[in-house]
Amino acid sequence: MTDSHSTVTAALPCAGLTVVEIAVGVSDLGLGMAGGVPGMMLADLGAEVVRVVGTDPVPIDREVPWGRAWHRDKRVVATDDPDEIRRLLAGADAALVYGHEDLVERRGLGYRDLAEAAPGLVHVRCRPSRTSRGTVDDYALLVEANAGFCTQLAGHRPGPIFVNVHASDSGAALLLTASVLGLLRRRALTGRGGWAETSLYDGMLAPLGCMIGRSERAAPPIEGYWEKGSYFPNFLYRCADDELVQVWFGGKGMYAKLIDVLGDEPSTEGYYTDQVTGALNARAERWKAFFAARPRDHWITRLRAVGVACEPVLAPGEALADPHVAEIGLAVPRDEHGHRDVVIGTPVSVRPFAPPEPAHGPVGEHTSEPSPEPPLTFGFLTDRLLPGVRVLDLSAFVAGPLAAQVLADLGADVVKVEPPEGEAMRAAAYAVAACQRGKRSLALDLTAPESRPVVERLVRWADVVVHNFRVGVAERLGVDEATVAGLNPHAVYCHASAFGTTGPRAKFPGNDALMQAVTGLERAVGGHGNDPVGPTWIPIDMTGGWVSAIGILAGLYARDTTGRGQRVITSLLGAGMLLNGGVFRRDGELVSGPELDDAQTGFGPGYRIYRAGDGNWFALVVPDPDAWTRLRSLPEAAGLPEAYAPLRGGTTDAEAAKAEAVLEAAFASGTAAAWVVRLRDAGLLVEPIDALDRDGFRRRVLDDPVNRRMGRVVTYEAFDWGRFEQLGPLLNWGPPSTGRPRLELPGIGEHTVSVLEELGFTPREIDALVAAKAARRP
């Protein structure tokens with residue numbers, strides 16, 4: 001190892017930590033990202049990661065290549081011996097533990113078994129999913145089928161589809177990683193370890209905050225969204241060369257510019273009025289003919305030239321060949337067994353601040369001396385993850401605000417700074433509900449010279465400063481990294497960017513739809529050979545929020561163990577690529593693993609959904625040859641090939657195709673309910689899929705008594721909505737907290753006066769800020 005490499009590694013936030021993944025008897029396909037990405041991210045952040053697997057891998061994983069990306073840089077130990085696993089844990093700082101109770105607690109590997117001998121151990125558990133509908137094994141397909149998630153996205157045919165977005169496993173991966181880092185920080189302050197637990201079901205909920213809610217007396221459009229969803233067009237177009245382009249014009253003036261480039265009639269009313277009246281939908285439909293007249297490169301060149309955001313629609317993994325992706329560390333080259341691989345890099349960069357320089361701001365504005373105080377420690381508050389942590393949230397839209405909300409859920413004091421007229425996303429009330437809970441609102445015009453003293457005091461007050469301004473904007477506003485580090489060298493500074501803060505695409509605008517296109521998510525959901533399908537609950541924006549929260553937690557851990565302020569960089573591009581992070585390039589070719597079929601049913605006969613004779617559906621998982629044999633023993637499945645062939649695309653592709661035909665015909669002979677009973681009686685893993693509309697799905701989540709008891713659902717009074725129900729804080733840790741997060745949604749400037757008073761401003765100074773329209777009070 002070179003000296004320079006050693007220096008870089010030592011600067012990583014998790015350097016010197018040892019993490020043990022206990023993954024004996026669990027499936028890479030079933031757990032998906034949850035079973036590998038937390039360890040991958042912690043390794044990329046500097047930890048030594050030991051992965052413990054069983055001596056007999058789960059057979060359905062035999063031709064699933066995703067682990068080559070997820071398990072890189074881990075030391076793999078194959079053992080079924082609990083004593084050997086305990087010896088590995090004896091020297092560990094954290095454990096990521098997966099599997100059924102038979103594989104964990106009954107073998108003495110649960111938190112209670114290990115804590116007495118290792119009181120400093122951080123034990124983070126992924127349990128099988130449990131709701132009032134029962135317990136579901138750790139296969140993402142089964143969890144999503146049981147929950148009704150398979151019914152929540154329209155596909156290319158009627159009925160439920162296999163929703164290939166890695167919703168439950170990616171969400172669980174992010175919950176697990178955040179839990180490890182939060183507990184490690186608390187341990188650094190208190191000396192005590194602790195536990196946290198989650199599940200694939202919790203993971204499924206993590207990206208759905210903008211989809212699930214219920215209000216008592218909100219305006220009809222707001223409650224109608226929660227009940228029925230959005231009818232907003234997707235702006236996905238096929239061009240003359242048969243290539244697809246995704247367009248977005250949410251930025252200022254983009255709508256008029258797009259109309260002009262296309263040669264359509266100008267809008268007399270403007271974007272928002274056209275959206276309300278339906279004129280926007282009518283335009284979106286007729287634009288299909290406009291785009292079909294020219295090739296994609298023509299449109300991308302013309303649209304980008306006038307500042308209209310657009311991206312090509314790519315397949316999963318294709319972006320790994322983009323030089324920009326490599327430049328910002330999201331495409332990592334590796335040599336393995338004579339092959340040249342390119343795998344995804346962790347979409348979080350955490351580094352110490354450069355040595356602080358004198359504080360500075362825009363010319364002619366007030367500046368202050370840097371704060372000399374080191375970060376505080378709170379050893380007396382042993383039951384909180386973020387006691388006393390103060391967060392300055394300068395972000396807008398979804399990803400940045402969600403990151404700050406996660407910190408608020410963990411006990412941080414978050415001050416949300418928004419313009420006096422309120423941030424733009426207040427027009428989309430469901431996004432505010434999903435991303436602003438638990439914060440205090442300070443309405444402040446950051447561009448006003450009178451606001452500068454307020455901004456400087458806020459920066460000196462904060463432990464964390466987070467924003468998602470486009471590259472270059474923070475410098476103009478005087479809240480860039482150098483300025484923040486000068487004012488407060490002990491801060492954790494997080495920039496949640498679109499395409500990263502460096503590289504040729506750094507200043508490109510980005511949003512969820514554009515990232516779905518360029519990272520391959522739309523194609524993954526559409527199925528083989530089909531048009532892409534865009535998930536409507538902004539999964540990449542939501543994933544980006546959780547990724548940023550993870551980066552901030554890593555930054556807080558590094559700050560509190562080294563005393564140095566930290567810079568955290570994340571991106572929507574990285575968050576989107578993470579959702580298909582098992583796909584990689586080998587010797588210039590994509591290695592994708594199981595692919596969704598054109599009927600959008602799944603990956604093969606042993607991991608898919610089936611339609612029964614009554615038109616209802618169920619999900620089936622056949623994880624091993626023994627289960628395959630039991631399936632073959634059913635009279636209707638007598639023609640099933642003898643060879644175990646659960647997935648398409650591998651060495652048994654022909655047998656898999658024959659097996660699917662046999663099973664489709666067999667299951668058409670009876671009702672779904674009857675087949676679920678028969679298959680369960682045969683010891684097979686199966687879950688019915690109830691026909692749920694949007695309202696039925698949200699009711700299943702919100703009204704589940706287990707969800708309410710576990711805090712997955714919370715109820716409180718929301719400003720002008722009355723009684724409001726939504727997904728609650730999903731991170732679950734212990735020892736249990738004696739406090740609870742603030743359950744409220746702030747009105748615009750609701751806390752302006754109280755925050756300014758805390759910062760030391762006098763009533764006269766506050767009045768002057770309001771009079772100058774630099775601040776707004778309620």
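**View A. Contacts of Leu679 in the predicted model.** Leu679 touches Phe618, Leu620, Leu631, Leu634, Phe667, Leu684 and Val686, leaving aside residues up to four places away in sequence. The model shown here and in the other views is predicted.

**View B. The largest nonpolar core and another core.** The largest nonpolar core has 164 residues, of which Tyr607, Phe618, Leu620 and Leu679 touch the most other members. Another core, of 34 residues, lies apart from the largest one. Leu446, Val455, Ala462 and Ala775 are among the residues of this other core.

View C. Strands β13 (residues 331–336) and β14 (residues 339–344) pair in the antiparallel sense over six bridges. Ala331 has Ile344 in β14 as its bridge partner, and the bridge partner of Asp335 in β14 is Arg340. Two residues lie between the strands of the hairpin, where His337 takes a positive phi near 50°.

**View D. Pairing of β14 with β22.** Strand β22 (residues 584–586) runs antiparallel to β14 and is joined to β14 by two bridges. Asp341 has Arg586 in β22 as its bridge partner.

**View E. The open sheet of four strands.** The strand order is β13-β14-β22-β23, and the pairing is antiparallel. At the edges stand β13 and β23 (589–591), each with a single partner strand, so one side of each has no neighbour in the sheet. On average, neighbouring strands of this sheet are turned by 30° against each other, direction ignored.

Note on methods:
Residues are numbered from 1 along each chain as its sequence is written. This is a predicted model: local features need pLDDT of at least 70, side-chain atom pairs count only at pLDDT 80 or more; totals for chains, interfaces and linings use all residues. Side-chain values use heavy atoms; hydrogens and water are left out. A nonpolar core is a set of buried Ala, Val, Leu, Ile, Met, Phe, Trp, Tyr and Cys residues joined through side-chain atoms within 4.5 Å. Buried means under 20% relative accessible area, exposed over 50%, partly exposed in between (1.4 Å probe, protein chains only). Contact means heavy atoms within 4.5 Å. Two strands pair if DSSP finds at least two bridges between them. Axes are lines fitted to C-alpha atoms, for helices over the stretch in contact, and angles run from 0 to 180 degrees between N-to-C directions.
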